[in-house]
Amino acid sequence: MSKLIQLQKYILANDFQFSRLGSSNNQDDRKHAVLTLGGYCAAVVMAIGYIVYIAFDLYSNEESMLFFPILSSILFWALGFWTILSGIKKMIVSSDTELIFSLPLPLWQAKFFNVIRLLILYLLIAAIAVFTGTLLHMFILPDFWFVLLSSLLLVVILPLLVIAITFIISLAVKILLNFLRIHNNVIEALLTIFLFLSPLLYITYTSASLNYKDIFSNSSPLYLFGIISNSTSEFGFFDLVSLLAITLALVLLTGYVFTRRYAFLVASYSPSSKRKARDSSTFSSNSLFKSLFSKELKLYLSSITYVSNTVLTPVLLLIGSLAYLFNISPLLYDTTLELSFITLSSKYIFILFTTVCTLLTTTTSSSLSFEGQSIWILLTSPLSLMELAKAKIALNMMLFVPGLACAILVYTQIFSSSLLDSLLFISFTITSLMLISMVGFFVNLKFPNYNWSSEMEVIKQGKSTIITAMISSFLISITAILILLDFNFTFHLLLLVNISIMTFLIYKLRECTLPRE
Amino acid sequence: MLSINNLTKLYKGSEKGIKNLTLDLAEGDICAFIGMNGAGKTTSIKSIVGIYGFDQGAIELDGVSIEKNPQEFKQMVGYSPDTPVLYGNMTGYSYLELIGSIYQIDNETINEQLNTLLKKLNFGSAIHELISTYSHGMKQRLVLISILMHNPKLIILDEPFVGLDPNATYFLQEEMKKRAAEGSIVLYSTHVLEVAEKLCNKVVMIHNGEVVVNDTMINLLSESSLGEKFRSITAHE
């Protein structure tokens with residue numbers, strides 16, 4: 001066991017960049033490690049800030065008893081969503097799996113190695129969140145020792161529950177799609193996310209208000225598993241013991257699959273080599289754009305992590321627009337939001353929704369880094385950067401085609417917009433999408449990272465993805481404020497700004513070359 | 001004609017890399033690039049093919065500079081890396097189609113070249129399987145096919161015989177001779193000195209990032225064997 005602990009300590013130090021900080025002589029390496037650690041610290045501080053906010057919000061409304069049910073619910077959904085986005089495959093195989101199996105470890109430790117790594121990480125996160133809450137409630141809630149004991153149980157239960165449930169859902173989706181002979185990462189990613197989030201989505205949809213307290217107290221694992229019948233009540237020690245029993249049952253099921261069906265798991269989560277036989281005697285070279293686009297599409301679809309992290313906003317735009325189009329939810333179509341100083345029309349809300357969906361995309365910001373160590377193919381090829389950029393940007397545009405088509409239909413038909421107004425909306429939406437796709441590619445060009453070991457390093461945690469997300473948020477805020485001030489004038493102005501920035505970026509791209517290693 | 005002048009590429013914050021590499025290779029030359037692990041062979045090769053930028057110097061092929069006209073330069077080059085990391089999600093077939101499109105090879109040439117190369121390298125139906133299922137040797141063979149199919153003027157191979165089976169090794173040696181005889185320039189790094197003695201007419205030895213031998217094979221072999229020369233240079237290590 002001590003070997004396993006030593007190895008996990010070493011790998012965690014490596015994951016969190018402590019090893020780079022301590023042993024590297026390279027200035028750049030140390031700088032990168034400091035920045036990464038700084039980022040993690042900032043995330044922890046922000047999370048603690050949010051927990052403090054919840055505590056004070058509940059305290060001021062005399063609802064402190066709901067703190068732990070709400071916190072456990074938020075942790076459950078956040079960690080679960082994160083696990084799915086990171087890819088369940090990471091629990092089974094990773095780049096160091098072959099090395100781990102070659103080490104003198106008991107077989108079960110090798111099989112569970114990645115799960116244990118994830119479990120340690122989630123235990124740390126749960127401990128920080130839950131014990132922050134415990135400290136805040138030391139003097140508020142009666143019976144401190146009970147609170148402490150409940151907190152300890154929660155810290156153990158939540159990570160185990162998250163890992164077991166996400167794994168079981170992902171495996172069930174895989175088995176179902178294999179049975180139906182569907183081998184498509186987009187469908188698999190969407191179905192897994194949808195199945196996991198469906199209780200939360202359903203509760204949000206049926207909730208009387210969009211207050212986080214109602215939504216998260218109704219969707220806490222205790223309530224979902226029927227352990228407590230009233231979501232607004234606090235939970236007792238025996239409720240937690242019941243949840244622990246359910247969790248252990250799910251963990252046992254997961255453990256059984258891992259120990260007895262490990263080979264099946266590895267095969268299920270590895271790419272299939274089956275391809276339709278083709279006539280090998282005839283080859284044909286397509287147009288360069290077509291070939292590069294096809295390569296981009298295959299690269300994109302090869303990673304369930306890439307798909308999960310980038311397909312959400314295009315799908316949200318499609319679902320949202322369909323909801324408007326078929327008037328599924330009157331809340332979306334008829335209602336105007338009345339704030340204290342201004343009334344937001346449903347048309348404005350729809351424009352904002354479309355803008356948020358189209359601008360919150362980071363597909364291109366990791367597209368270059370995602371080439372990884374196969375970047376040598378592009379670097380040694382007689383390709384211009386523009387040719388490559390066109391293919392990568394076109395892929396992101398393609399993801400939004402169904403959603404955008406529906407959004408345009410909604411704007412022109414449901415809101416009965418004039419021809420000029422509709423044309424402005426169409427031009428603005430399309431240029432916004434093109435702009436953020438170009439910005440993402442351009443930022444990735446400036447901050448490429450070809451030497452990554454986990455896809456998450458570039459897709460979610462990459463410097464270019466973070467910068468692009470910040471630019472997206474800035475653009476969304478500016479758009480929201482400007483459209484609110486003057487609808488027609490702003491559309492013209494923003495369209496002009498979009499086109500100007502895009503022209504500038506095209507000009508800059510023509511000057512640039514693919515960043516070398 | 002490949003002309004490399006004072007090529008210097010040092011890694012940030014270290015003295016490792018390559019210093020003042022000067023080399024001229026003419027049509028028909030087969031040059032062996034020899035050195036210990038970490039001597040600077042791969043750094044030099046990656047700089048020549050455009051993977052690494054370099055600190056100073058110039059690289060030209062038939063008067064085309066890699067810095068000024070990278071696309072034109074790369075159109076004339078075929079490169080095989082020491083560890084071929086390819087697009088695992090593509091089949092060998094679609095990878096070759098992609099390369100064909102990038103190098104704008106017409107369909108007639110592609111079919112003529114590929115069918116011959118696939119047969120000679122004994123690829124069979126594996127060409128329709130995902131690259132992620134290939135062994136190291138199969139990936140190596142796929143890269144060789146992809147670089148040979150556009151008839152490059154300069155062929156650069158980084159330790160090309162590692163992982164190849166005896167048939168593929170024989171094919172590659174013969175192909176290198178044939179391509180050189182047809183006017184191509186071949187530059188390859190290797191640790192297999194006996195093969196280099198037989199195959200190459202030029203030799204460059206690198207030690208600690210500096211060129212210590214840059215001569216014709218005939219001249220060098222008149223003094224000692226390649227192995228003896230290598231051992232005498234690296235004796236103090």
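User: Before we start, how are things numbered, and which residues count?

Analyst: Residues run from 1 along each chain as its sequence is written, and chains are lettered from A and ligands numbered from 1 in the order in which they are written. Since this is a predicted model, local features need pLDDT of at least 70 and side-chain atom pairs count only at pLDDT 80 or more, while totals for chains, interfaces and linings use all residues; side-chain values use heavy atoms, with hydrogens and water left out.

User: How do I read the overall fold, and what secondary structure does chain A have?

Analyst: Helices (H or I, at least four residues) and strands (E, at least two) are DSSP runs numbered from the N terminus. Chain A comes to 25 helices and 2 strands, and chain B has 9 helices and 10 strands.

User: What radius of gyration does chain A have, and what would a compact globule have?

Analyst: The radius is taken over C-alpha atoms, and the globule rule is 2.2 Å times the number of residues to the power 0.38. For the 517 residues of chain A that rule gives a value near 24 Å, and chain A has 25 Å, which agrees. Along the principal axes, the C-alpha trace of chain A spans about 65 × 65 × 50 Å, and the C-alpha atoms of chain B fill a box of roughly 50 × 40 × 35 Å.

User: What share of each chain is buried?

Analyst: Buried means under 20% relative accessible area, exposed over 50%, and partly exposed in between (1.4 Å probe, protein chains only). In chain A, 47% of the 517 residues are buried; in chain B, 58% of the 237 residues are. Among chain A contacts with a separation of 6 or more, 77% involve residues 24 or more positions apart; in chain B, 67% of the contacts between residues at least 6 apart join residues at least 24 apart.

User: Now the interface: how many residues does each chain put in, and how much area is buried?

Analyst: Buried area is the accessible area (1.4 Å probe) that two parts lose on being put together, summed over both. Here it is about 3,800 Å², with carbon and sulfur atoms giving 58%. The contact takes 38 residues from chain A and 43 residues from chain B. On the chain A side, Phe283(A), Trp376(A) and Pro382(A) lose the most area to chain B, together 23% of what that side buries.

User: What about polar pairs and salt bridges between the chains?

Analyst: A polar contact is a pair of N or O atoms within 3.5 Å; within protein, one must be able to donate a hydrogen and the other to accept it, and residues adjacent in sequence count only if both atoms are side-chain atoms. A salt bridge is a side-chain nitrogen of Lys or Arg within 4 Å of a carboxyl oxygen of Asp or Glu. Between chain A and chain B there are 6 residue pairs in polar contact (both at pLDDT 80 or more) and 0 salt bridges. H15 and H20 of chain A each supply at least two residues to the side that touches chain B, and H15(A) gives the most, with 6 residues.

User: Which helices pack against H3(B)?

Analyst: Helix H3 of chain B, residues 92–102, has 11 of its 11 residues buried. Those residues pack against H15 (288–301) and H20 (375–379) of chain A, together with H2 (70–75), H4 (107–120) and H5 (136–148) of chain B. After H3(B) comes Gln104(B), with a positive phi near 50°.

Definitions and conventions. Contact means heavy atoms within 4.5 Å.
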